Each structure stands twice: as structure tokens, then as C-alpha cells.
Amino acid sequence: MVDKQRVIPLIVATALFMENMDSTVIATSLPAIAADIGTSPLTLKLAITSYLLSLAVFIPASGWTADRFGARMVFAIAVGVFMVGSVGCALSTSVTDFVFARILQGMGGAMMTPVGRLVLLRSVDKSALVNAMAWVTVPALIGPVIGPPLGGFITTYASWHWIFLINIPIGLLGIFMALRFIDPIKSEEREPFDLYGMVLAGLGLAGIAFGLSVAGLNLLPWSTVAALIAGGAISMTLYVIHARRTGSPVLDFSLLKLPTLRAAVFGGFLFRLGIGALPFLLPLLMQIGFGLTPFHSGLVTFASSLGAMGMKTLAARIIRTFGFRNLMTVNAIVSAFFLGVCALFTVSTPLLIIMVILVVGGFFRSLEFTAINTVAYAEVETAQMSRATTLVSVNQQLAVSAGVAVGAACVETTMWFSHVSELNATVFAPAFVVVALTSAASSWFFWQMPADAGNEISGRKAVEIASRKGAGKGAAKAAVKAASEDTQDVRDQRLG
């Protein structure tokens, strides 16, 4: 029999990897795509942001859709929609075709991420959640790093169309595995759909995410960018007022009363904001500052993914040993330190040293992501899981967009103060310092969590009980196993 505790995280991870890689792989191939469909790279870059708009608009509806039609079915359909959008991108012959195809991809991606995480939470016992999240975290880190070199390789030695067509076999395998191994779980309580809230939240998130994504990239006038962000903020404010008056909001901010979820949302936002700027700043530093080709730059930055992959086998043991609060507080600072070290990179810095720093930093960053993604659901009840995954997914999307905006703004500000008109290696250092300090600030939110936060998930509580009784190492393991067995009733409650 197949161990679903391992298979399901891999199914979800595969879909998330497909989405994360696709979002970044296009950047390298923009000139080739633009030339082929008869437009300019600048126009095509604006068209690609339609994906972000679609993502922001449809994420709030993901939780209700999964509860209404079943997380397994919605996840499989979302992968299918993403595949259809990918085929549409490959067959595009004009900017209009490309925009519609990217919007379709965004609709699928908006459901894949939160619903995939919901599938994981409802299919895996809490005692195995840390290991499961470690597997799911890896593609989120690998995708943005492997995307640029892979896009450059495919565009150079094949055709840009294959950037999208490689999603087809991956998606088909994901759909088959999902329908084969994921249980058909539906929510027994069917709540009415908050259409008015969906419109307000969608407009608000679209304005903020799109505005932050293009800020500092010189794609739109600053007045337009400010108007987008301000309009999004106003719409979100109206939504917050509306959410207090409805019993089934699409974004349930009342969940922020839970200390662990509150820390994961606010602390996670700051941490992701800093780390989210890394895939934007590092390739620019390598290519423009150091003169490396996009392919060679991607090979260097891929080193951080090696550290991320090395983490997944140790995450559960490390978290069980130190506890979520202690680990996340200290590790946020450690991860920020390795991010800040990038400010010291110069043209004369040996690439081997750069890669070693990126590998070690990737390990600690991936460990922090795994802890954040896991502890967020430590206190969430089963009936609230869909709302919690939607809220966390929206938070992550905004954090990444904000990270790129902050990184770009820091580079532009440095150029203005230095009276420099063109990018060079010296203008990136302040940006790395700023985003590193931002990530380090997240440790304050993590320290505010209870000392025993998430102990039931990590197994630390069982180990502490066994240790207080004077038991040996074998008894501690037995206690962890017993705690794991106690969570089997969760499956029975899920399946009715």
C-alpha cells in the first residue's frame, strides 16, 4: 500500500512547483516571445502581470469553492485549468491571446495553491504535518531560482513554446495522482457565498498586488502605481467593514485572534517580504553587476535550492528539539543574516564562496518557511481550515509582490543618491541590507507566540512529558508515537 502521508505532499508539491516555476521562467524568454508574436517586451511584460491580477481576484473564492465542491475535485480541476492556460500561451499569436491565456492560468493557480494546501491539511495527520510541509516548501523555493536558467536554456536550444508545454505531462500526472490517492472530502456545513465580499476583496487585492508588482520597474507612471495601490487599499478597507457584518466572509480576519496564525501572518509577511526580494535582486546582481549570462547566473543562484532540499529531512527533528517559538525567533535572524551577507558580494568574490553562502542560507530559509507554514494551522479547527488556507495564501501573494517592490525601490533610491544612471554592482548592497533587516524584524512576532505553540504538531510535548518522567530515549520515541496514534481520530472526523 502506498503511504499517503508521503504521496499527498508530493502531489501538492508538484502542482505548486509547476506554478512557481512557470511564474518565473517566462522572464528570461520575454524578448523571444515578444519578437515571435509581434510586440515589444515592455508591452508583453504588462500582459504577464495579468496573471497576478487573476491570481489576486480568484484566491478569496478558493476556500468556499473547496468546501462546496470538495477539495480533491477542485484541486484536480484547477490543475486542468492551469494546463489549458499553458496550452493557450504556447499557441498565442498576439498579445490579446497571451493575456487571456495568462488570465486562465491565474484562475487555475489561484485555486491550486490554497486548495492544495487544504488537501494536505485534511489528508495528513497533524503529527506528520511538519514533514509534509517541508516537502511542499521546497518547490516554492526551487521554482523562482530554477526558472530563469531553465527558461534561458529552453529558449536558446529549443523554442519558447516548450516553456508552457512542459506543464502538460506534469499536470496530467498530478491530476491522475490526485484522483487516485486523495480522499473525496467535503465540508458538511455549506455556507452562502459572499459575492459582495468577493468583489471588494478581489478588487482590493488586485490593486495592491498589481501596484506593488510594477512599482519600481518603470512599467507605469508613479501616479498610476500610487492610484492602483490606494484604490486597492480603499477597497480592502471597505471589505474589512463588510466582513464584520457577515457570518461567512471570503477572508475571515477573525482567525487572527489565534496567536499562532497571527504570528504566521504578520511575521510571515515580513519574513517573506525580505526573502521574496532575493530572486529579483540576486539575478540582477549576477548578470548586470558581475556580467554573467542568464544561464550561468541561474546556475549560481540555484545553490540556495540545494540548501532547501537538504533541510526537508531534518526539519521535523529540529523543530521537535527546539520548539516552534524558539526556532522561528532565532532562525529568522539567522536567515536574515545570510540574506544581508549578499550585500558584501563583489566582482572579485569567488563564485564558490557565493554558492556556499547561498546553500547555507537556503537551508535556514527553507526551515523557517516550513515552520511558518506549519504553525499557522496549529490552533485552527477542522471547520475553519478552508478559510485559514485562503487567508494565508493571500498573505503570501502580497508579501512576494511587496518584496519585489521594496527591492526595486531600494535600488532606485540608491541610484538617485549616488547620481548613477545605470545599474552596477554597487547599487545592490543597500537593498540587500534593507530587506535583510525587514526579514529579521519578523522575529518579534514569532517571539510573541506562547512558549508551547505547536507542541502537539511537532511532538515536542510528548518528548517533554517523557523526559520529566525520567524515561530514556526509547520512551520518548514511544511517547511521540503514541501522540501520533492519538491523532488518527482526525481522519475519522474528516470522513464522517
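Author: The largest nonpolar core has 124 residues, and Leu281, Phe345, Tyr377 and Phe432 are the ones with the most contacts inside it. A core here is a set of buried Ala, Val, Leu, Ile, Met, Phe, Trp, Tyr and Cys residues joined through side-chain atoms within 4.5 Å, and buried means under 20% relative accessible area with a 1.4 Å probe, protein chains only. Helix H19 (residues 385-418) gives this core its largest share, 13 residues. Helices are DSSP runs of H or I, at least four residues, and strands are E runs of at least two, numbered from the N terminus.

Keep in mind that this is a predicted model: local features need pLDDT of at least 70, side-chain atom pairs count only at pLDDT 80 or more, and totals for chains, interfaces and linings use all residues. Residues are numbered from 1 along each chain as its sequence is written, and side-chain values use heavy atoms, leaving out hydrogens and water.

Now zoom in on Phe345: leaving aside residues up to four places away in sequence, Phe345 touches Leu285, Met286, Phe290, Ile354 and Ile357, a contact being heavy atoms within 4.5 Å.

As for the background, the chain has 24 helices and zero strands, and 55% of its 496 residues are buried. Take the contacts between residues at least 6 apart in sequence: 83% of them join residues at least 24 apart.

Note on methods: Buried means under 20% relative accessible area, exposed over 50%, partly exposed in between (1.4 Å probe, protein chains only).
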